Amino acid sequence: MSLALKLIAQRISLGILMLFAVSILIFVGTQILPGDVAQSILGQSATPESLANLRAELGLNEPAITRYFAWLAGIATGDLGTALTSGQSVSEAIGLRLGNTLFLATVAAVMSVPTAILLGLIAVRFKNRWPDKMISGATLACISLPEFFIGYLLILVFGVKLGWFPTVATVYEGMPFGDRLQAVVLPAVTLTLVVLAHMMRMTRAAILNVMQSAYIETAELKGLAAFKIIWKHALPNAVSPVVNVVMLNLAYLIVGVVVVEVIFVYPGMGQYLVDHVAKRDVPVVQACGLVFAAIYIGLNLVADIVSVLSNPRLRHPK
Amino acid sequence: MTADAFLDIRNLKIGVSVREPGKPARDITIVESVSTTLAKGKVLGLIGESGAGKSTIGLSSLAYGRGGVEITGGEVFVNGRDILTLNRQGLNQLRGREVCYVSQSAAAGFNPAHRLIDQVIEATLEHGLATKAEAEARAVDLFKALSLPDPENIGSRYPHQVSGGQLQRVMTAMALCPQPDLIVFDEPTTALDVTTQIDVLAAIKNAIRLTGVAALYITHDLAVVAQVADEIMVLRNGKKVEHGSTQQIIEAPQEDYTKALVSVRSITHAAQDQTETPLISMQNIVAGYGKGPKVLHDVSVDIFAGQTLAVVGESGSGKSTLARVLTGLLPASSGQITFEGRTLTPVQANRPVDDLRDIQMIYQMADTAMNPRQTVATIIGRPLEFYFGVKGKERDKQVAALLEKIELPADTAKRYPAELSGGQKQRVCIARALAANPKVIICDEVTSALDPLVADGILKLLLDLQARENVAYLFITHDIATVRAIADSIAVMHLGKLARYGSKSDVLAPPFDDYTDLLLSSVPEMKIGWLEGVTAARKMEGAGN
């Protein structure tokens, strides 16, 4: 166990180090961005004096290093700064938005991950026969269509024609869970269709690779049923590659959903970020970038840890 | 079909369909019209070289074809029903219940993700033959019968936590656990070291006797099968050559092919006396990989011009590492190598070209030691070009001369490695080594991957070449019979140290040190009752101590 623990501790510290590196990159990146916040707040007709006053007020004249550490110290205490454009606390605004994004991502993940793995297992069981070909074809077709097309198609069919689900995914604070769920069904389905193919094909490939092993033959010569061999003998040895691709897709569900949020007018992080990039609201952009990076690094960390734990050689050293 | 014959194979035909791009599919016959029966509690040995179809026949009693192999004709009756007509559900009832299988590599045959006990009792539970507690108790009894250490707890380990020999015994327990009528043993001891093989063999034989299970025992080693089988069927190229009682096959073989198998290793080589000064002297070599523990501890050996030093030992004894030190691929951390009286640079990259030329190497796997996209002429011609600058017609002439030396036809030069047989490939590798006109050739298990008769041919060739070219061999092997056949001096290695070293007559004559004694007495002899003799003698010794 000690070896596994050591590896996990190593991965966690690397993750933290990586987050630091990313925070520097984000900060430097936002400094290089063209444009002037004061200018964009006050507009083209602002006088040089008022611009200078606003800059001083916003602390934009301090040296970059000072501002970086002030920012970092703020983050450590949970204060992500104040939005330049609205004067609101970024932490509060992000908290709400992040909650919405995570809710949508969770619903999409709960729908897509088991479906993808199950479809992968079925494809392996009926390898090169019609169920396999149908699953591959259908998932490939879904990934080939742009997400805005799928989104609008779903809206047209299930929102407009059939009227089963709302066409706009509006959520608000204190909304009952059932209503909230119904509101996000269509965007969640859109996301599921987008990520399904990747996860399903990886599951299929990883398990087929394991199916070449001699111990699969052993299982077959024990008289085990075909699906039991796949489930019990192949899947546990394919966990590592499958988890990696699942985590990548989960990360995408959280940080890459801008288009879907825009289609369904869903108040999530993506839209919030895009809005504030347009307004050159640096603290918001920085905070969003950092949150996304943390989620990405965190999910990949989970994938690494699961990989380590799924390896019996590391779990049970000689 | 006799009343007690529960396995009855009739006119079995097995083939495989080979599809090469651009060509119509070809059907290749692997097994042609083989018939046999097996009574309850009897052991039938299937013996033959690679490609004889012995594994394929063994697996047919589970109605299983490996890869694209298909049973194309005949009938296989198990307990009175033709299993070739069963559907998947019917087969699942047969497999793991009436017939079980033990594969060559237990290390690959066990699922790394599950504990041993869960895999051992899996088939028993799947077929509802016992409750979990009963099955576990049965497994522990089997572990005891197979003399596994700590039988109560070994099951809770994972496959990577036990040794290869133990794993092979656990796999035997796994096959015995559902109390089948028949077990197919597919080369169960081939991958093991000789001192481990004898223990596993004794355990398997004991378990067969205790449980009364019938067995098909597949191997290429006649001496091994003679210890466990009641009857032996000799196979060659998918056809039955001879079938008889073990005694008849060993003591009075009828067919020429069987006679050749029984009398294999007929080569004798009178050891030469050592000359005054050795060609190569390796002194106090200590070496290891990276920061890991040292693999060689203070090893000193001499190689004499035109003679063979055989380095013999089991896996992990450091014999290949010794070769790597000599080639300079792994510089020794201390000790030195003297070559023709001067010190040899430890690192290969720093050695002058002539030193590189003088030390050549032949590998175990001729397949992977040659570029598959080069013709034999290019492969053999490369050292001629590199060391001597020989090109064009002159090169072709020398390649032809080399091919003659290794007894291959001249048109081999135009062929690719894939078009050659295993023995021919190894001959090409020998020619490549010879092309450099070396003073010493390192032969690393060069006959281990070959069938006995082919290996014999290679050894004869090596001895002839030595007599003619006066080249020395550092011959690495785990096979004592090979050592007897060709060595002038012998180094027995054990755990990175020299257990015994000297001329052939000294090393192979008693009194022995403990390890050499164990090693020599573990080599199976083509004699019925050898196994019992050795195990009994060892028990006596153990009791005496």
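How many residues does the largest nonpolar core have, and which of them have the most contacts inside it? That core has 162 residues, and those with the most contacts inside it are Cys288(A), Val170(B), Ala173(B), Cys177(B), Val184(B) and Ala215(B). The structure is a predicted model, with an ipTM of 0.78 and a pTM of 0.81.

**Confidence**

- Chain A has a mean pLDDT of 85, and 98% of its residues reach 70 or more.
- Within chain A, confidence is lowest in helix H2 (residues 37–42), where the mean is 71. It is highest in helix H9 (residues 214–221) of chain A, at 92.
- For chain B the average pLDDT is 88, and 98% of the residues score at least 70.

**Chain A overall**

- Chain A contains 15 helices and 0 strands.
- The C-alpha trace of chain A spans about 85 × 60 × 35 Å along its principal axes.
- Of the 318 residues in chain A, 35% are buried.
- Taking contacts in chain A between residues at least 6 apart in sequence, 73% join residues at least 24 apart.

**A helix pair in chain A**

- Two packed helices are described by the angle between their axes and the distance between the axes.
- Helix H5 (residues 90–125) and helix H6 (residues 130–144) of chain A pack at an angle of about 140°, and their axes are 7 Å apart.
- The crossing of H5(A) and H6(A) is left-handed.
- On the H5(A) side, Leu119(A), Ile122(A) and Ala123(A) take part; they meet Pro131(A), Asp132(A), Ile135(A) and Ser136(A) of H6(A).
- Sorted by class, this contact has 5 nonpolar, 1 polar and 1 charged residues.

**Nonpolar cores**

- The largest core has 162 residues, and its largest share, 16 residues, comes from helix H8 (residues 177–211) of chain A.
- A second, separate core has 72 residues, among them Leu296(B), Val301(B), Leu462(B) and Ala485(B).
- Ala173(B), one of the residues with the most contacts inside the largest core, is in contact with Val120(B), Ala139(B), Leu142(B), Phe143(B) and Leu146(B), leaving aside neighbours within four places in sequence.

**Contact between the chains**

- Chain B gives 24 residues to the contact and chain A gives 16 residues.
- On the side of chain B that touches chain A, the elements giving two or more residues are helix H2 (88–94), helix H3 (106–109) and helix H5 (122–126) of chain B.
- The residues on that side of chain B divide into 10 nonpolar, 10 polar and 4 charged.

**Buried parts of chain B**

- Helix H12 (residues 319–327) of chain B is largely enclosed by the rest of the structure, because 7 of its 9 residues are buried.
- The buried residues of H12(B) are Lys319(B), Thr321(B), Leu322(B), Ala323(B), Arg324(B), Val325(B) and Leu326(B).
- Ile198(B) lies in helix H8 (residues 194–211) of chain B. It has 25 C-beta neighbours inside 10 Å and therefore counts as buried.
- Outside the four places on either side in sequence, Ile198(B) is in contact with Ser522(B) and Val534(B).
- Ile198(B) and Asp27(B) are 171 residues apart along the chain, and their C-alpha atoms are separated by 40 Å.

- Most residues other than glycine have a negative phi, and most peptide bonds are trans.
- Asn79(B) has a positive phi, near 50°. This residue is in the loop between strand S4 (69–78) and S5 of chain B, and is partly exposed, with 14 other C-beta atoms within 10 Å.
- Asp82(B) is in strand S5 (residues 81–82) of chain B, and its 14 C-beta neighbours inside 10 Å make it partly exposed.
- Not counting residues up to four places away in sequence, Asp82(B) touches Glu75(B), Val76(B) and Phe77(B).
- Asp82(B) and Asp8(B), 74 residues apart in sequence, are 9.0 Å apart from C-alpha to C-alpha.
- Asp298(B), though not a glycine, has a positive phi of about 50°. Asp298(B) is found in strand S12 (residues 294–303) of chain B and is partly exposed, with 14 other C-beta atoms within 10 Å.
- The peptide bond from Pro510(B) to Pro511(B) is cis, with omega near 0°. Pro511(B) is in the loop between helix H19 (504–507) and helix H20 (514–522) of chain B.

Note on methods
Residues numbered from 1 in each chain as written. Chains lettered and ligands numbered in written order. Predicted model: local features only at pLDDT ≥ 70, side-chain atom pairs only at ≥ 80, totals over all residues. Core = buried A, V, L, I, M, F, W, Y, C linked by C-beta atoms within 7 Å. Buried ≥ 20, exposed ≤ 12 C-beta atoms within 10 Å, placed from the backbone. Helix = DSSP H or I, 4+ residues; strand = E, 2+ residues; numbered from the N terminus. Contact = placed C-beta atoms within 7 Å. pLDDT = per-residue confidence, 0-100. Axes fitted to C-alpha atoms, helices over the stretch in contact; angles between N-to-C directions. Left-handed = near helix turned anticlockwise from the far one by under 90°. Nonpolar A, V, L, I, M, F, W, Y, C, P; charged D, E, K, R; others polar.
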